[in-house]
Every structure is written in structure tokens, then in C-alpha cells.
Amino acid sequence: MGEKRKRKLNIEELPEDEELIKRIKEGDERAFELLMRKYKRRVYLIALQSTKSHEDAEDITQEVFIRVFKSIPSWEPRASFSTWLYKVTSHLCVDYHRSRVRQRVESVDDEEAAVPEPRAEDLASHPDRVAEEREIRRLIDEVIQKNLSGRQRDAFILYYYGGLQVKEVAEVLGVAEGTVKMHLFRAVSKIREALKPLKERGEI
Amino acid sequence: MNCNDIAPLLIAYVHNDLSDEEREAVESHLKNCPECSRTLEETIWTVELLERKVEADMESVEPLLGDLEVKVYRRLAAEWVREARRRWIDRLWFLRRPWAWAAYAAAALAFGVYIGSHHLAPERPADQPALAAKADECIRMRLRMYADEEAFRKLESAHVIKYVRGDEWKAWGVYNQVIRENPGTVAAMIASEEISTAEYKP
């Protein structure tokens, strides 16, 4: 069993959200850590798509969990935990952009790729496959950043990076489910069109 | 339903995220529509690539977030201690007035009582909900990992020296001692923050 699969299984083994929250409320010091471990990468990636800077995305991720920690005592499971978590995340991303608009400092950094490059050891093991995967990732990132409207991007990111259902994405964004489906359809269609040339050349 | 109604449902269809009704509508339409069947096929491989990309992104950010939990705990702990300190200062603000020299004796007494009763970090305000206190227990446990009781006691006495006695120079010395003796702990972090915000630097 490869390293990748094992790591995946580890994540699957983490307890359900409701169970973790119950344990945090009871004062279980490990439960909050597990909750962070379960969601940190998703929250970070969502923030990264919005801020395009590692420092800011990490800062937002920390802030999200600090708010979650403070609100957990009064949190009632009316909606799913992840929906609430991503609501907090998207509010913080909106705040981030508001404060940036105020101090409006354009810099070249904004143009940099949103996602970190693969590590050297990955490249060493399967150079061709990894280079190809990287090209696909780069293309998809480009479409997400340049060709999607704000709403399409939000829906797409929450659906794929947040791992939410259509219903939950609709709740986070405060729009109808049909609207979310339409945004997703448009977003994936655009990505599909961008990847088509690669597919036709048989590179995928 | 025509093609225009079906197409937007295909993504959710691939992810098995449709109601039974919608799924049946999509399936019966697909039987008679080669155009949508082709779109479905293309959607399937696009979604596969997307999922691979998301997974690859998740893996590549893992090393960047290795110490996120610790950073969150540190920020929570620092906030918590700052809050406790603010309460302390509010409670004793009058002692800093020049006319209240007599009250310095009371300050010394309070200091003694404080050290005697707060062997660890200070408590949260009593009006916080009981559950918050329980959740706080998590931080308290973590605090023991990052800073020992002694460091916190020193830190608190430095606060008293600085905010109650107004002797920044002496407080500066104690803060530095905390930093020196407890490198990398929350206590050291708070101490260096105090040093950086001091108006008077020896």
C-alpha cells in the first residue's frame, strides 16, 4: 500500500464532526486538534484561491479555527459543521479583500501561481507523469483564476476543495441550488474546454 | 426536459449529488440523446482530472501546514493571557494615580494574594458561560506543554511591576529573564511583545 493511500485512509479514520464537537465541549483536548487536522488543508486551499498568498491564507486559516474554537461552546448543530466552517472562511476572505481594497497596493506577487510546486522527490520518481500532471494543474488553475466569474469560482472552490454538496454550497453562498448547479456547470465546462486540446493530443 | 435543462445537472449527476427525481430525469434523457451522452463522457474525464488536482493540491500543502495546530493554540493562549491582563489592569487602574501612594501597599498585598491564588495562568471572567470554561480547559492543558507554571508566574509578576508599580525598567529585566529561560514558549512570546510595546527602553 502506497504512502498516498495510507495518508488518505488516515483522514477517513478521523471521527465525525458531531462527535468531535461533542468531545471538545466536554473538554477533550485532542478533539480540537483532530478537527483542525481534518479541515486545515481544505480551509487553507479555499483561502489561498481567494488571497493568492501563502501568508495571508495561513493567517486566515488560523483565524478561522480561532473563531471556531470560541464559538463551539454555543454552537448548535442546526446545519452541518462544514457548512458553518466554510461560511466563516468566506466571511474572512471577504474581510481580507475589503481591507486590501482600502490599502490597495498592487504588486507583482499577485500574478504568482496560487498553488505550491510539487516537491523534488515527486519529480524524481515519475518525471513524465508529474510534469504532465503539473501542466494539467497549471491549466486548471489558470482557468479558475482568469475565466471564471466570481460566483462561479466561489461555487466551484467550495464544491471541489470544500467537498460540500450542492445543497450545502447553496447555503454557504446564500443562493438557490439551481444557481449553484448552473455555476458548477459553467465552471466545469470552461475547464473541460481548456483541457480538450490536451485530451485530443492524447496527453491525458 | 430538454438538453438545456439536463446539461447543468450533469456535474451533480457524476458526483451522485442529485435527488432521485432529478437522477431519473437525467438517465431517461441520456438514453435518447447522444449529444448529452457525449457531454456526460467529457464531464466524467474532466471531473476525474479535477479530483486528481484537488488531491494533489491537498498533498502539496500538507508540509506547509504542519505546525498550524500549534500556531492556533499559541494565538489562542496569547489572546487569553492578554485578556486576563487587561482585566487585571482595569481592576487596579487607580493604583497608578500619583495621589494613590497609600494604595501601593494594597497593591503589594494584592500581589501577594495574586501569586498565592494563581499558581497557573489567570482564570477567565466569571461571567463566561460554563461551557467556555470547559473549552478553555483544552488551552490550559496545551499551555502546560508550551510554558511551565514558573514562567507564567514570572510573567505575571513582571506585569504587576510594569502596570501596577509603573517600573518599566525593572519589568524589562524580568521579561528578558522569561525569554531567556523559556525560549519558544507562549510566555516568551508574550514577554517579547511586552518589551516591544514598552514606551521606556533602558
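This is a predicted model: local features need pLDDT of at least 70, side-chain atom pairs count only at pLDDT 80 or more; totals for chains, interfaces and linings use all residues.
Residues are numbered from 1 along each chain as its sequence is written, and chains are lettered from A in the order in which they are written. Local features need pLDDT of at least 70 and side-chain atom pairs count only at pLDDT 80 or more, while totals for chains, interfaces and linings use all residues, and side-chain values use heavy atoms, with hydrogens and water left out.

**Exercise 1. Determine how helix 8 and helix 10 of chain A are arranged, and which residues make their contact.**

The axes of helix 8 (residues 150-160) and helix 10 (residues 177-200) of chain A come within 8 Å and cross at roughly 90 degrees. Helix 8 of chain A is therefore roughly perpendicular to helix 10 of chain A, a label given to angles of 65 to 115 degrees.

Step two is the contact, which means heavy atoms within 4.5 Å. Helix 8 of chain A contributes R151(A), Q152(A), A155(A), F156(A), Y159(A) and Y160(A), and helix 10 of chain A contributes H183(A), L184(A), R186(A), A187(A), V188(A), K190(A) and I191(A).

**Exercise 2. Find how many disulfides the structure has, and examine C3(B).**

A disulfide is counted when two cysteine sulfur atoms lie within 2.5 Å, and a search of the whole structure finds zero of them over all chains. The closest cysteine sulfur to that of C3(B) belongs to C33(B), at 3.6 Å, which is too far for a bond. For the setting of a residue, buried means under 20% relative accessible area, exposed over 50%, and partly exposed in between, with a 1.4 Å probe and protein chains only. C3(B) is partly exposed, because its relative accessibility is 31%, and C93(A) is buried, because its value is 5%.

**Exercise 3. Classify the aromatic pairs F32(A) with Y73(B) and Y159(A) with Y160(A).**

The rings of Phe, Tyr and Trp (its six-membered ring) pair if their centres lie within 6.5 Å, and planes under 30 degrees apart count as stacked, over 60 as edge-to-face and the rest as tilted. By this rule the count is nine aromatic pairs over all chains. F32(A) and Y73(B) have ring centres 5.9 Å apart and planes at 80 degrees, so this pair is edge-to-face. F32(A) lies in helix 3 (residues 29-51) of chain A and Y73(B) in helix 5 (residues 68-91) of chain B, so the pair joins two chains; both residues are buried.

Y159(A) and Y160(A) also form an edge-to-face pair, with 5.3 Å from centre to centre and 80 degrees between the planes. Y159(A) is buried at 5% relative accessibility, and Y160(A) is buried at 6%.

**Exercise 4. Decide how far helix 9 of chain A is covered, and what follows this helix.**

Helix 9 (residues 166-173) of chain A is mostly covered, since six of its eight residues are buried. These buried residues are V166(A), E168(A), V169(A), A170(A), V172(A) and L173(A). After helix 9 of chain A comes G174(A), whose phi is positive, near 70 degrees.

Methods
Axes are lines fitted to C-alpha atoms, for helices over the stretch in contact, and angles run from 0 to 180 degrees between N-to-C directions. Helices (H or I, at least four residues) and strands (E, at least two) are DSSP runs, numbered from the N terminus. Angles under 35 degrees count as roughly parallel, over 145 as roughly antiparallel, 65 to 115 as roughly perpendicular and the rest as oblique.
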